[in-house]
Amino acid sequence: MKKRVVLGMSGGVDSSVCGYLLQKQGYDVVGLFMRNWDSFLNNDILGNENITQNICPQEQDYLDAKAVASQLNIQLYRIDFVKEYWENVFNYLIDEYKKGRTPNPDIFCNKFIKFKAFSDYAFKELKADYIAMGHYANAIDGELFRAQDDNKDQSYFLAQLSPDQLKKVIFPLANITKPEVREIAKQLNLSTAMKKDSTGICFIGERHFTKFLENYIPAQPGNIIDIFSGKVVGKHIGAMYYTIGQRKGLNLGGYEKPYFVVGHNLSKKEIYVTNDDHIDYLMSNKLIATNFNQISKEFNFANLTAKFRYRQKDIKITLKILDGNKIEVCYPNTEAVTPGQQVVIYDGNKVVGGAIIDKIYLNNELKTFL
């Protein structure tokens with residue numbers, strides 16, 4: 001009997017081509033479309049340009065997934081995880097912003113929705129032997145590796161998965177590039193062949209982000225202060241809406257050099273900024289991270305690199321594993337390492353694990369204004 005694979009079909013070109021590739025490999029492929037966000041139920045009004053459209057983007061994605069499933073003769077199911085997404089992903093995102101940190105919802109979306117709620121439903125209700133996702137990554141014997149396509153590699157977003165989760169997942173795009181995916185879709189005449197990739201917040205989509213956050217965190221206006229001179233240089237509508245290193249959206253015109261955010265004080269409702277003359281305010285060379293999820297048990301401590309955000313080039317590091325699922329990471333002076341983001345540790349192409357950045361230091365001095 002063929003092994004059954006339940007494929008997450010999002011209505012995009014990547015998951016569409018995954019369906020074809022899995023069939024070609026001899027699997028019995030079943031599609032499952034997830035609906036994880038309800039704009040009206042979740043008060044997603046401000047910052048949502050799609051709120052007045054006749055058909056919301058998620059419904060269009062479902063129609064696209066149905067069309068591809070029909071073309072490939074794949075049975076497609078649909079499931080709602082709106083409650084699970086709100087409780088496990090979105091509440092975390094809002095709580096982190098309220099603390100003045102910058103979370104990455106894609107990481108928890110993968111951990112709790114795609115590889116937990118989806119996985120549970122696929123194995124229990126649809127009798128899957130494996131699940132499959134259209135991520136650019138590779139899973140081998142419970143370990144996680146980068147994809148062949150360096151430009152699209154998404155292993156960063158999967159670093160909170162456990163070995164048990166990874167043992168039952170197939171990534172059909174592990175050894176294929178995005179241009180090749182597009183070409184396969186064109187050759188098959190799939191309806192999603194030229195569809196643009198989804199962007200924005202995981203399962204929510206593109207939003208005017210500051211306006212979007214105002215739906216859930218009331219505006220708290222305050223001063224923007226030049227951290228070097230101590231002078232007030234502008235006003236903001238909420239310190240928690242801005243992230244370290246941010247240059248756009250400050251509305252600080254008329255100055256000789258552009259400003260960027262280096263910190264904030266939520267209790268005083270202050271944002272601290274400076275310009276490129278004082279780039280050292282953005283620098284750090286050590287961090288402490290919590291919730292360390294160690295995927296690989298065997299790795300070379302002398303060969304470790306890390307990413308502090310997606311699409312960043314690897315940085316050579318030294319790693320100490322501390323008590324209580326904490327790690328200490330030391331690295332050359334680097335800009336805008338940000339509490340709330342994830343640090344992912346690599347040994348070559350293998351993912352050692354990931355952790356949430358909690359504190360950052362420059363020359364052993366804690367950066368407290370973050």
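**Exercise 1.** In which sense do strand E12 and strand E16 pair, and over how many bridges?

*Solution.* The model is predicted. Step 1: locate the strands, with E12 at residues 283–294 and E16 at residues 327–335. Step 2: read the pairing, which is antiparallel and extends over six bridges.

**Exercise 2.** Describe how strand E15 is joined to E16.

*Solution.* Step 1: E15 covers residues 318–321 and runs antiparallel to E16, with four bridges between them. Step 2: within this region, lysine 320 is found opposite glutamate 328 of E16. Step 3: turn to the hairpin of E15 and E16, where five residues lie between the strands. Glycine 324 has a positive phi there, near 70°.

**Exercise 3.** Work out the relative orientation of helices H3 and H4.

*Solution.* Step 1: a packed pair of helices is described by an angle and a distance between the axes. Step 2: for H3 (residues 82–98) and H4 (residues 105–124), the angle is about 155° and the axes are 9 Å apart. Step 3: angles over 145 degrees count as roughly antiparallel, so H3 and H4 are roughly antiparallel to each other. Step 4: the crossing of H3 and H4 is right-handed.

**Exercise 4.** Which residues of H3 and H4 meet, and how do they divide by type?

*Solution.* Step 1: the H3 side consists of Glu84, Tyr85, Asn88, Val89, Tyr92 and Leu93. The H4 side consists of Pro105, Phe108, Cys109, Phe112 and Ile113. Step 2: sorted by type, the residues of this contact are nine nonpolar, one polar and one charged.

Notes. Residues numbered from 1 in each chain as written. Predicted model: local features only at pLDDT ≥ 70, side-chain atom pairs only at ≥ 80, totals over all residues. Heavy atoms only, no water. Axes fitted to C-alpha atoms, helices over the stretch in contact; angles between N-to-C directions. Helix = DSSP H or I, 4+ residues; strand = E, 2+ residues; numbered from the N terminus. Parallel < 35°, antiparallel > 145°, perpendicular 65-115°, else oblique. Left-handed = near helix turned anticlockwise from the far one by under 90°. Contact = heavy atoms within 4.5 Å. Nonpolar A, V, L, I, M, F, W, Y, C, P; charged D, E, K, R; others polar. Pairing = 2+ DSSP bridges.
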